[in-house]
Structure formats: structure tokens, C-alpha cells
Amino acid sequence: MSLYGTDLLALLPELIVVVTACVVIALDPITPASRRDLLAWLSVGALALCLGLTGWQISVENVRVSAFSDLVAIDAYARFWKILLYSVTGVTIVLSLPYLKAERIHLGEYYGFILLALSGMLVMVSAVDLLTIYLGTELMSISLYVMTGLNRSKPRSLEASAKYFVLGAFSSGILLYGISLLYGLAGSTKLASIAGAIGTRGTDDPLVLIATILIAVGFSFKLAAVPFHMWTPDVYQGAPTSITAFMAVASKAASFAAFIRVFVEGLGGLKADWSILFLIISILTLVLGNVVAIVQTNIKRMLAYSSIVHAGYVLVGFVAAGRGDGASGGTPGLASVMIYLAIYSFMTLGAFAVIGMLRKGGMEGEEIEDFAGLAKRQPLAAFLMLVFMASLAGIPPTAGFIAKFYVFMAAVEAGLAWLAAVALIFAAVSAYYYMRVVMVMYMRDPNPSSVAPPGLVTSPALSFVLACAVAGVILFGLFPNPLVSFALQSVLTFK
Amino acid sequence: MTNSFPWLSLLLVLPLAGAIAMSFVPESTARWIALAATLADLCVALPLWWLFDPQTSQMQFTEHVAWINAPPIYYSLGLDGISLPLVLMTVGIMPLCVLASWNAITTRVRGFMAMVLVMETAMIGVFAALDFVLFYVFWEAMLIPMYLLIGVWGGANRLYAAIKFFLYTLAGSMLLLVAIFVMYYYGGHTFDILALSQGTYPAQLQMWLFLAFFAAFAVKVPMFPFHTWLPDAHVEAPTAGSVILASILLKMGTYGFLRFSLPMLPDASRFFTPIMVVLSIIAIIYGAYMALAQVDLKKLIAYSSVSHMGFVTLGLFVLNQQGIEGAVLQMVNHGITTGGLFLCVGIIYERTHSRLIADNVGLAAPMPQYATFLVIFALSSLGLPGTNSFVGEFLVLVGTFSWSKIATAVASLGIILAATYLLWMVQRVVFGVPSPHHLPTLRDLDQREFVTLVPLVLLIFWIGFYPNPIVSRMHESVTNTLASMSREKVAPTAHPSAGGTAPLLVDSDEQLEIQGGSR
């Protein structure tokens, strides 16, 4: 196989990200500590460039471009995720800067690893070959293992890293086993060939079903769906907050993107089987995640369970896509999944940004009780948190409502009104723990026994990003049209 | 349609603008801004009373702008004879809420006023929305402001009351959302409330939808088994919060039954009528009995609300003209009277810092003006002829009489019980033997408080003596609601022998006509 210019051109944004990652890591040793900010801004600049490139591709000609002998396909679907991932990564870097300095772990390679993780995610969202998807997953995961343990002085961070690595490697093994079975069936790892092989072998073949289950389990680990969620709370709590945000948002979005492509493009013939499987998983996820989130006292742990719950909602949309029939097919379901994840990204990033800002006497204030009286001391930060919590709870007129709106509408259209009813009852349960944060901020007085009053670390860039996040959460809640039509247009890939 | 001026949008925008302005003004001017915003809203709304054409059941002052393209959701507003009185009541009550909070709220005044103003926008939106999703957005949008009003500025046990209010109402409305989606797919892929009211739905489906609607609306009313959040929320909320809750928020539940359940789900409504009537009567009697036992003034009025709202749901579900007109009138009456009672409790609480009846005994001597107002509101609440509630309750009972004489007799007991607990309360609070240590500190109403209460008293007697202007304005709309219920709306699948597709065709023609007419 020889490299062609067109292949490289198709992957230009990915190449920019990888090259920038290498440059950042190479420059790190020769950059004085005082000027490490520049590495962050270099990364943000590269991301802006990629964003512009992909945006230009969408506006000019949003067609499918295959590259590297059909290992990757840059199509409208992939571009949707890419736009989301660039933005999310850029926001993460900006919110990392003041946080890392305050935690005294401002290391240059941090930005390199974030960009490497991003390049893994970019591969995941555009690959149409199981092994390529696997490579992307591993590139993302290994970078995340390292970043989770970045705070070497904290045992909890190291514990999280080790736990994440062991369980992540285990799930990758399961995924790989499923891939190998499918390769044995189809003689190829390309999604299109697998879809063809399943068509000829029939859907009753036990081997096909076993492979499907293995792949589903492997992805469920990455998505943190119950019962494969065990790693999430510990890892989210232990990792540096900026990395937690990145994992909760970017890694989840990329995993969902690859997951959907594998199951719709590759295993679409088994719709009837896997939609039942994910139906059960989604209900388990919603019930367990919501109930356990109620009793959390640490806000990062609470948001970890919340991210599990949101994966459950996304799965509801996905099940709706699998069950949808007739003229619209699975389009509303898939579009609802994309809308949900895009909105989820901004509200979750915003919430983590506020958590990362909150300081209590040099320590990170991550207990929910640390938010007591925040509305009196920092009314603006409290208000932002209120908006993000309301959005996570799905209360209109925030974007979180729009996200839930489309997912449950798709579920009802697919004849799953009962599932929507169950999921929405649990959404009401989830309001309890989100509103508890609001309650602590607005209705409790600051704990008088605490030695140092909590303060905030911030930077102009972080303020700007937070303003964008809160504006996004409110504006997409009021005017969701652009996002909805973008998602609907991107999902046409699967028609 | 009668007028191209966007009256309703202006009504929605004014309080919201006031709320946004709160972030730029100092604490001291926040009260004035809020008062100005609510009064301006009132000035905008009042002309609607005269511009409204009572000869038609069509929606008036309509606005129709595309909001979301896929699925088609419209920013669609309009008023008919049912929503007009409720909107006017809302904009009329809100300035009084601001006035009542003038001295009572001392901390975070800007935040408080902003929340009150956001509530006003959301409540007007609920009554004016003609798109089901838009309705739902307004319906839910008031959760957080109300949660904060109770939780931040409320009494001692406010945290419990706030989260209880929040979760009860949210859980109910979640099922409503599912029902809205189901209606969309069965009602011709539209969220237009008027079009959905003309649709036909299988009888079996109607039952499920009715139960889902019931979950949302019955919690809000609140109907008997779902009322437990109300006493907690009322007692802990600040005065303005109690007034908003009692006068306006509760009406959203009954409005929901009237706007959605009855015309969209006529078969289910008829099917569930006996249950609804029984629940209403239980609420009437149970609420009144509970009110008898209360030692806390706010709790007493809260339980009296449960009882009075029982009359409203009773009037709605006997499904005849008098009953429904009485129910709508009673919604407005309850807003005026109970609002007045809560304002009175707030006034006395500012003086004695206690809501217990035992601490507020014998106010006639030190506070004659106050005592007069309290007696008027109490007499209005128990339905004395010549006051507003008499007309409403009378109409409801007349409507009930034609449905069941026994039900009427039992419901009438509620009026007797109301007289008992209210007169007993008045006897103690107004004419009791005063406790000596309170007397020197009690001063009578000041000008602000006087101005707050006077409009309500005027309304009480106006409606009490001459209810015709309100009733005549709602007449056509109520007739229309009943007419849309009585048409054959069972889909052919449910009754294959019932005459095939003819009703469907009629429906779709009328649907077009109504859609075209309303825009």
C-alpha cells in the first residue's frame, strides 16, 4: 500500500493534531516553566485551525471521502463529531491552564497527551474498519491512563490511573476478541464486509451473536454503561478535574461515535438483537446511576454517576434508532443521540469548569458541602452552576431540555413510549441531586468552621470559555434549530 | 387576529426585561424596577379586556412564528375566554406580590424580584401558549424560580418544602411530556393545541394519555392524594411566594384539565368523570376538615385551598356549561380571595413574627382596618352571597346538581365546613381576647398595605354583584370546549361499526378551518 497525497489531504486535520502533539512534547523540555502557557496556546491554535478546516469542508462539500484503502471515511457524520471534539478539547485546554497551575502540576506534556488522545478520538469517529477503530480507542485510552495519574503526589490520582488501566485493558481485550471473531466470519475487518457477511450467514448464527455481545461489552466499558461502569466513579474522582471533564465529555462522545458506526454500519443486520440488549442496558444504567448518584457527597463522584446516567439517556435514543422502522428509519434516533451528546458536552464541561475553579485554602473544593453559601460569596459562579445543573436536569429553557426532548421524542416514535416514561421518571429523580447542589449554593450559609474561605481561581480565557458555555446552554435551549439541522444533515450518512 | 399588535409577546417580555435589569441596578432600586415592570404589564394587559371579542370562541390576539423546524414547533400565542381572565388575574396579582414583599424581603432583594418577574413571564406563557411544547417549556420554566423563592427566602423548614415542591411537580410533568409526544404522533404530527383538540384518538390510548395528563395537572391543582406538597410549600414560602402559588400556580393545573384533558380526550374524560368527581368531593371535605384542625394561619388557608380547588375540579368534570363556567370563575375568585388572605397573613406576620392563631388574637381593637379586610376576605372565601365565591360555587353546584344530586349535597357540606373554619378563625383572630404583650407594638395598615388590599376587595364585590362581564366573555369558549367534547371522536379502530371514516373527514376539514382561522 502506497501513500497518496489525497489520503494525506483527507486526514489533514488529524495530521495537524498529531504533529502539534509531537511539537509540544518536543518543545516541553526546552520551555522554561514560566512560558509553558505558550504550549497551551499553541495547542489551542492548532485546534482552531482544524476547526476552521473541517468547517470549511462542511460548508464547501460535505461528501464522503474514503482514504487509506477504505480504512477511514471522512463523511458528514465524522465531521459532526470532529467539530464537537475540537471544540471540547480546546475548552478543556483553556480550563486546564489555571487549574493545573493551582494544583502545581502544570506540565508541558499534558497538552501533548490531550492532543494525542484527541487524535485517537478523531480516528475513532472516522474509521470504518474495526481494527482502525480499535487503534483509535487504544490511542485515546492510553493517553487518558497517563493523564489520570498526572497528579503524582496524590495517591487517589495514582489509584485511579491504575484502576482505569487494568479495567480499560481488560475491556479492550474483550473488544478485540469480538473483532477477531467477526474477522473469522467475514475474512475482513471492514464494516462494509462484515455487514455483507452477516447478510449471507443470517442473523441466527450463534458466532455472530457472541461476537456482537463481546463488542457490545467492550464498548459498554468505554461508555460507562451499567453493569460495566464500576471504574467510572473512582477514576472521575481521582483524576485531575480538567481530565475528568475531558473524559466525561470527549472520550464519551468519541466512544459513542465509534459505537454507533460499528453497530449501525457493521452490525445493522442484527438490529433486532442488539436493540433488546441495549434496551436492557439503558434501563439498568438509568436506574442504578440515578439511585446511586443521590447518595454521593463528592461532586466529582456525583457527576461521574451523572455521566453514567446521561449515557443511559443516549442509549435510549440509540435503542430508538435500532427499533425505528418505516419511512424515517432510525434517523430521528441517531440525530437525537448526536444532539444529546453535543449539548451534554457543553453543560458538563461548564459544570466541571466551575468545580475546577473552586478553591478552599489551597485545596480543591470538591465536596458538595464546599459549595455552601457560594451564592453569597460568588454570585456569578453560583449562577453559572445553577444554569448547568438545571440543564443537566433537563429543565427548560436550557439546552438540556432540548437534548432530552429529542431523545424521548425518538423513543416515542419508535413505539417505546413506556421506555420514555420510565426514563423521564428517573430524570425527575436525577433532579434531586442536581437541585441539591443548587440548594447548597443558594440556601445554606457557608460552613463557619472552615478555616480558609473558599475562593476562585480564574483567568480571562476561562471566563470567556465559561461565558460561551453558559450562552451555549441557554441559546441552544431557546434556538436549537442550527444544532438540530446540523445533526439531521450529518446523520444522512447512514441512509 | 383581531389585532396585529403583539400584545402577548409584550406581556411576556416586560417582566423578563425587568428581571434582566435586576443584574444592573443596586439593591435599593430593585423594588421600584419590579413594581414598574409589573404595573407596566398590567397596563398592557388591561386593554385586552375591552379589545376582547366575547362573540367568538376563536383565539384572539394570536401570534404565530416558527420556532423549531424539525419537528414543527411554533411560538404560538393566543387568548380565548378561558385564558383571558386568568392572564388578567396573573398580571393583576403580581404588582400586589411586589408590594407585599416591599419590607418583608430584606436580603438579596434583586434576586427575589428577578425570580418573581421570571415567574410572571412563565405563568402568562402557560395561559397564552397555543403550542403544546411551548406550553410545556413555560410550565417547567417556573420550577426553578419557584424553588428558589421558597428555598432562599422561605421560613425555617424551607429546604424540605422547596425540594418537595420541586420533585412533586417535576415528576408529574415528566409523564405529561411523554403524553405530548404520543399526541404528536397520533394527532397528525403537530403540536398545535387547537389542531390536537380536533383530533381523534383511540379510546384505549385516551385512557393512558388522560392518566399522564392527570399526573401533571392533579399534582399542580392539587387534587386529593397529591396535595401534600401544598401545605409545606405554602407555609414555608415568603408571602409573595404563597400568593403566587395559591392565586396563580394552582390554576395552571385546572387550566390544563380544561384546555387539554377535556377537548383532546373526551372519551377518557367521560370515563373518568365519576372518579374525578369523587376525588374532588374528597378534596372539598378533607381539605375543610384539615383546615378546621390547623393552628397555623397559613396552613389553614393552604388546606382551604385544597378544599376550594376541589370545587373547581368538580365543576370541570361534571362536564356541563354551568359547571365549567363556575369552575373558571372560581379559579379567578380563588386567586383573588386566597391571595388576599395570604397577604393578610403576611401583614400580621411582619408585625408579630408568628403565623400561629394563638399568637394573633384579638386584632380588631389595635388594627381595625386590617380586621375589616380580613373579615371581608374570609366572608368571600366562605362564599357569602354578594361576594365573588358565592357566584362561582353556586354555578358549580348547579352544574353538579344536574349530574348527581347526592354529589351536590355532599359538596355543599364543604361550604358549611368552610363557614365553620373561617368564622372560627375570624372569631379568634379578630374578636378574641387579645394577649396583652402584643398590643402596644401592633400598628394598623400603612398606605402601602392598604393599597395592596383594596383592589382585591373591589374585585370581590364587583364579581360578587355583577359577574356577567367575566361570564359572558368565557361563554363562547366554554360552549366550544363542550362542543368539541360531544362530537364523535372515537377513532374507527376502536369502534369499527361506528361509521367508518366520516368523522375523520369532518375532523380534518374543521381542523384546517380552525388552523386557518386562528392565524
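What follows is a dialogue about a predicted model.

Visitor: How many helices and strands does chain A have?
Guide: The model is predicted. Its chain A holds both kinds of element. The tally is 20 helices and five strands.

Visitor: Which radius of gyration does chain A have, and what would a compact globule have?
Guide: Chain A has 495 residues, so a compact globule would come out near 23 Å. The C-alpha atoms fill a box of roughly 70 × 55 × 40 Å along the principal axes. The value for chain A agrees with the globule figure: it is 22 Å.

Visitor: What percentage of the residues of chain A count as buried?
Guide: A residue needs 20 or more other C-beta atoms within 10 Å of its own to be buried. Of the 495 residues in chain A, the share that passes is 61%.

Visitor: What share of the contacts in chain A comes from residues 24 or more positions apart?
Guide: Take the contacts with a separation of 6 or more.

Visitor: Is H12(A) roughly parallel or antiparallel to H18(A)?
Guide: H12 spans residues 271–294 of chain A, and H18 spans residues 417–443. Their axes lie 9 Å apart at an angle of about 20°. Angles under 35 degrees count as roughly parallel. H12(A) and H18(A) are therefore roughly parallel.

Visitor: How many residues of the contact of H12(A) with H18(A) are nonpolar?
Guide: H12(A) brings residues including A:Leu279, A:Ile283 and A:Asn290. H18(A) answers with A:Phe426, A:Ser430 and A:Tyr433, among them. Two residues of this contact are polar and none is charged. The nonpolar count is 13.

Visitor: Which hand does the crossing of H13(A) and H17(A) have?
Guide: H13 covers residues 299–323 and H17 covers residues 399–413, both in chain A. Their axes come within 8 Å and cross at roughly 35°. The crossing is left-handed.

Visitor: How many charged residues are in the contact of H13(A) with H17(A)?
Guide: A:Tyr313, A:Val316, A:Gly317 and A:Ala320 of H13(A) meet residues of H17(A), including A:Lys404 and A:Glu413. Six residues of the contact are nonpolar and one is polar. The charged ones number two.

Visitor: Which helix supplies the largest share of the side of chain A that touches chain B?
Guide: The contact takes 26 residues from chain A and 27 from chain B. On the chain A side, H17, H18 and H20 (481–490) each supply at least two residues. That side divides into 23 nonpolar, two polar and one charged. The largest share, 13 residues, comes from H18(A).

Key. Residues are numbered from 1 along each chain as its sequence is written. Chains are lettered from A and ligands numbered from 1 in the order in which they are written. This is a predicted model: local features need pLDDT of at least 70, side-chain atom pairs count only at pLDDT 80 or more; totals for chains, interfaces and linings use all residues. Axes are lines fitted to C-alpha atoms, for helices over the stretch in contact, and angles run from 0 to 180 degrees between N-to-C directions. Helices (H or I, at least four residues) and strands (E, at least two) are DSSP runs, numbered from the N terminus. A crossing is left-handed if the near helix is turned anticlockwise from the far one by less than a right angle, and right-handed if clockwise. Two residues are in contact if their C-beta atoms, placed from the backbone, lie within 7 Å. Ala, Val, Leu, Ile, Met, Phe, Trp, Tyr, Cys and Pro count as nonpolar, Asp, Glu, Lys and Arg as charged, and the others, Gly among them, as polar. Angles under 35 degrees count as roughly parallel, over 145 as roughly antiparallel, 65 to 115 as roughly perpendicular and the rest as oblique. The radius of gyration is taken over C-alpha atoms; the globule rule is 2.2 Å times the number of residues to the power 0.38. A residue is buried if 20 or more other C-beta atoms lie within 10 Å of its own, exposed if 12 or fewer, and partly exposed in between; C-beta atoms are placed from the backbone.
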